[in-house]
Amino acid sequence: ILNKNNKQKVWEVILSGGEDYELLFSFTSNDFRSYKKGENITNIGFFSAGKGIRILDSQGNEFKVKNFGFNHF
């Protein structure tokens with residue numbers, strides 16, 4: 001059960017754990033709208049000007065993650 005006390009840990013595992021595979025790619029806004037018709041594609045974010053990575057929750061609040069990526073060794 002996801003609650004306030006374990007939300008940080010759960011999202012860190014989701015965002016930086018290993019062994020889960022999904023194909024991620026980028027589209028221009030126009031290409032995404034035309035390609036999505038009839039396809040099973042989910043929009044998970046966007047690119048914007050600036051440096052680094054910002055992760056926002058469903059309310060638009062920034063979510064700070066301590067670890068990015070996964071190392072098998």
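Biologist: What makes the contact between the side chains of Arg 54 and Glu 62 a salt bridge?

Modeller: In this predicted model, the side chains of Arg 54 and Glu 62 come together with 3.5 Å from N to O, and because a salt bridge asks for a side-chain nitrogen of Lys or Arg within 4 Å of a carboxyl oxygen of Asp or Glu, the pair qualifies. A search of the whole structure finds one salt bridge.

Biologist: Why is Arg 54 called exposed, and why does Glu 62 count as partly exposed?

Modeller: Arg 54 has a relative accessible area of 59%, and exposed means over 50%, so Arg 54 is exposed. Glu 62 stands at 37% relative accessibility, which lies between the 20% and 50% limits, and therefore Glu 62 counts as partly exposed.

Biologist: How do you know that the pair formed by the rings of Phe 25 and Phe 27 is edge-to-face?

Modeller: The ring centres of Phe 25 and Phe 27 are 5.1 Å apart, and rings pair if their centres lie within 6.5 Å; their planes stand at 80°, and planes over 60 degrees apart count as edge-to-face, so that is the name the pair receives. The structure holds one aromatic pair.

Note on methods
Residues numbered from 1 in each chain as written. Predicted model: local features only at pLDDT ≥ 70, side-chain atom pairs only at ≥ 80, totals over all residues. Heavy atoms only, no water. Phe/Tyr/Trp six-rings, centres within 6.5 Å; stacked < 30°, edge-to-face > 60°. Buried < 20%, exposed > 50% of the residue type's maximum accessible area, 1.4 Å probe, protein only.
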